[in-house]
Amino acid sequence: MTSLVLYPLAGVVALALGLAGLVTRPHLLTKVLAFNLMATGASLLLVGLGHDGTASSDPVPQAMVLTGIVVSVSATAVALAIIARLSRLDPDGVERSD
Amino acid sequence: MDGPVTASVGWLVAAPLAGSVATFLLRGRRGASEAVLLLTALAAALATNGLVARIMGSGPYTVEIGSWGAPAGIEWAVDDLSAAFLAVALPVWIAATIVAHGLLHSPRSPRDARVFRKEPGPTARTFWPLWLLLWGGVNALFLSADLFNLYVALELAGLAGVALVATAGVLPALQAALRYFFANVAGSISFLTGVALVYHRYQTLDLQLLRSAAESDASTTVALALLGAGLLLKAALFPMHAWLPRAHAAAPAPVSAILSALVVKAPVYLVLRLWLDVFHVALPPSVLTFVGALGAIGIVWGSARALRVERLKSLIAYSTVAQVGLLFTAFPIVHAAGSRDARWGLVFLAVGHAVAKASMFLAAGGLARAHGHDRLDQMTGFGAREPLCTYAFGLGGMSLLGVPGTIGFSGKWLLATSGLEVWAVPWVVAVSASALLTAAYVWRVLAIAIRSAPEPAGTRPLARRIAWSAFALAVLTVALGLGSGPFVEPLP
């Protein structure tokens with residue numbers, strides 16, 4: 001019973017922490033990590049809500065989370081590629097974004 | 001029975017995606033890239049033609065991908081709304097592709113060759129794969145009839161858009177691309193969380209099944225708020241617009257044109273689809289009042305900034321913030337009137353902005369290439385040097401402010417008349433007042449264009465196809481305006 005509440009709740013907490021980091025932290029790499037935390041939170045929420053406490057869980061949320069993981073890996077790659085390019089043009093720019 | 005048509009709609013997504021892979025493998029080789037682009041455009045044109053013909057003939061239809069229907073499979077759906085957006089997107093894509101090709105490959109004078117080699121900017125090798133990826137992603141957004149599919153398409157279009165902004169290569173473009181990226185992923189994750197809640201509540205993601213199952217309760221309201229917040233962030237509704245002006249101003253001009261014309265329009269279309277169509281019964285009307293009020297502030301804020309910025313592309317980008325505000329100001333009217341006329345008014349306004357804004361950005365790209373920069377104070381008298389680009393900008397601007405005969409007028413007229421019928425007076429006033437503000441910043445540019453001044457040093461001739469493509473889109477705003485006459489006529 002507790003896991004029914006625990007997983008979605010942990011997902012919401014991770015989402016909120018990630019969002020706070022994304023908005024408040026100036027370092028670009030911290031922002032990337034924060035967005036990954038948000039994505040993980042959303043995945044946990046998806047799977048947690050799809051879990052009904054019995055042995056057989058709904059496979060659809062899990063399929064969606066798999067796709068979501070692929071999407072966030074690609075998104076992270078795009079962000080890191082742009083940050084790498086940026087750090088060559090402006091080495092200090094990675095630590096402070098406006 | 002729908003075999004050939006099925007194949008035909010699928011090409012709208014399959015052809016650009018296949019083209020993206022092909023151009024990547026061809027490494028931007030001259031000739032081969034052009035062949036891929038031509039085939040993609042041809043496939044998209046045939047598919048769009050097929051779907052519009054079928055919508056006009058027999059109405060909305062769905063396509064089951066691989067014959068797997070909902071709820072297990074994924075469906076694409078076409079109705080008059082998505083057909084209108086797809087039909088207008090096609091000429092925008094073709095014109096922008098021609099301009100992008102012109103800017104990437106236009107012959108450069110020997111004097112400039114040395115300067116150009118050092119100039120950062122997109123290369124054919126990196127540009128075309130991303131461009132076609134964005135094309136496929138945006139088309140998928142208008143076709144998907146499944147919430148999770150929509151999420152994937154949003155990410156596809158968003159990431160391709162971010163990367164295309166970054167192809168400009170200079171530091172401000174990279175910074176703008178990253179801001180765009182973070183706003184975009186925050187929006188996507190909000191949308192995904194909304195998808196999770198919808199699935200938990202209804203056990204399906206298919207829009208048609210959701211339309212019949214939708215109920216007004218707390219979890220649906222939270223889900224709609226999360227879906228909406230993600231989309232409004234991606235649509236850059238005030239005060240979530242801060243990422244847009246820099247990204248759209250820093251991107252290469254054809255990319256700016258597509259981002260402003262289509263990539264911010266897709267979330268507007270999805271808000272219309274989800275809030276006023278699929279979950280119509282579950283939406284608290286006060287949400288629309290709130291969104292409309294934000295839109296009205298956005299009109300004033302975006303226009304005020306457009307009157308003050310120093311660069312032409314920034315001006316057009318801030319105009320997009322104002323025009324997105326205008327679209328959301330129309331939402332309360334569409335909801336209150338609940339009529340076909342009001343809905344078409346909003347659609348005309350949205351597609352009209354798409355065509356007009358694309359033509360203005362392409363014209364600005366031409367002017368920036370001709371001058372080597374887009375600082376307005378050093379462009380005085382550009383009307384005499386680049387008349388076609390100036391006409392394109394002016395005509396696009398006329399459509400934005402709603403001069404009769406343009407598609408912008410048809411949209412505003414339908415919204416104003418339907419709004420007055422249900423006494424939605426403040427929203428009608430906001431829609432009408434936006435025209436005055438639009439006129440002010442369009443005139444600001446035209447006043448600089450028509451002043452006579454000696455030609456600045458370093459001005460270079462422009463490939464003709466760039467100016468002609470921008471001009472063709474501007475003419476399209478008038479053609480659409482005249483074509484929409486039958487919608488406007490039967491009104492009192």
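This is a predicted model: local features need pLDDT of at least 70, side-chain atom pairs count only at pLDDT 80 or more; totals for chains, interfaces and linings use all residues.
The side chain of B:Glu386 meets that of B:Arg464 in a salt bridge, with 3.3 Å from N to O. The two partners belong to distant parts of the chain, 78 residues apart: B:Glu386 sits in the loop between helix H16 (382-385) and helix H17 (387-401) of chain B, while B:Arg464 is in helix H20 (residues 464-483) of chain B. Their surroundings are worth a look too.

Side chains of opposite charge can pair when their charged atoms come close. Over all chains, the count comes to 8 salt bridges. One of them joins B:Asp79 and B:Arg273, whose side chains meet at 2.8 Å, N to O. B:Asp79 lies in the loop between strand S2 (75-78) and helix H3 (80-105) of chain B, and B:Arg273 in helix H12 (residues 265-278) of chain B, so this pair ties together parts that are 194 residues apart in sequence. Are the two partners buried or exposed? B:Asp79 is buried, with a relative accessible area of 14%, and B:Arg273 also counts as buried, at 6% relative accessibility.

Helix H12 of chain B also holds B:Asp277. This residue forms a salt bridge with B:Arg211, and the closest N and O atoms are 3.0 Å apart. B:Arg211 lies in helix H8 (residues 207-213) of chain B, so the pair ties together parts that are 66 residues apart in sequence. B:Arg211 is partly exposed, with a relative accessible area of 35%.

Next, please turn to the backbone of chain B. Most residues other than glycine have a negative phi, and most peptide bonds are trans. With that in mind, the loop between helix H9 (218-235) and helix H10 (243-250) of chain B, where B:Pro239 lies, deserves a visit. The peptide bond from B:Phe238 to B:Pro239 is cis, with omega near 0°. B:Ala236 has its place in the loop between H9 and H10 of chain B, and it has a positive phi of about 65° although it is not a glycine. B:Ala236 is buried, with a relative accessible area of 0%.

Another non-glycine residue with a positive phi is B:Trp423, at about 60°. You will find B:Trp423 in the loop between helix H18 (407-421) and helix H19 (425-450) of chain B. At 70% relative accessibility, B:Trp423 counts as exposed, whereas B:Ala236 is buried.

The size of an interface is often given as the accessible area lost when the parts come together. Chain A and chain B bury about 2500 Å² between them, and 84% of it is on carbon and sulfur atoms. A:Leu49, A:Met64 and A:Ile82 supply 21% of the area that chain A buries against chain B, more than any other three residues. The contact takes 30 residues from chain A and 29 residues from chain B.

How many salt bridges cross the interface of chain A and chain B? The rule finds 0 salt bridges there, and 1 residue pair in polar contact, with both residues at pLDDT 80 or more. On the side of chain A that touches chain B, H1, H2 and helix H3 (59-89) of chain A each supply at least two residues. The largest share of that side, 15 residues, comes from H3(A).

Let us end on the surface of chain A. A:Val5, A:Leu9, A:Val13, A:Leu17 and A:Leu37 form a nonpolar patch there, with about 450 Å² of accessible area together. Which helix gives the most to the nonpolar patch? Helix H1 (residues 2-24) of chain A does, with 4 residues. A:Leu37 lies in helix H2 (residues 28-50) of chain A. A:Leu37 is partly exposed, with a relative accessible area of 36%, so this residue passes the patch cut-off of over 30% relative accessible area.

Conventions: Residues are numbered from 1 along each chain as its sequence is written. Chains are lettered from A and ligands numbered from 1 in the order in which they are written. Side-chain values use heavy atoms; hydrogens and water are left out. Patches are made of residues with over 30% relative accessible area and no salt bridge: like charges are joined within 9 Å, nonpolar side chains (Val, Leu, Ile, Met, Phe, Trp, Tyr) within 5 Å. Accessible areas come from the Shrake-Rupley method with a 1.4 Å probe; for residues, only the protein chains shown count as cover. A salt bridge is a side-chain nitrogen of Lys or Arg within 4 Å of a carboxyl oxygen of Asp or Glu. Buried means under 20% relative accessible area, exposed over 50%, partly exposed in between (1.4 Å probe, protein chains only). Contact means heavy atoms within 4.5 Å. Buried area is the accessible area (1.4 Å probe) that two parts lose on being put together, summed over both. A polar contact is a pair of N or O atoms within 3.5 Å; within protein, one must be able to donate a hydrogen and the other to accept it, and residues adjacent in sequence count only if both atoms are side-chain atoms.
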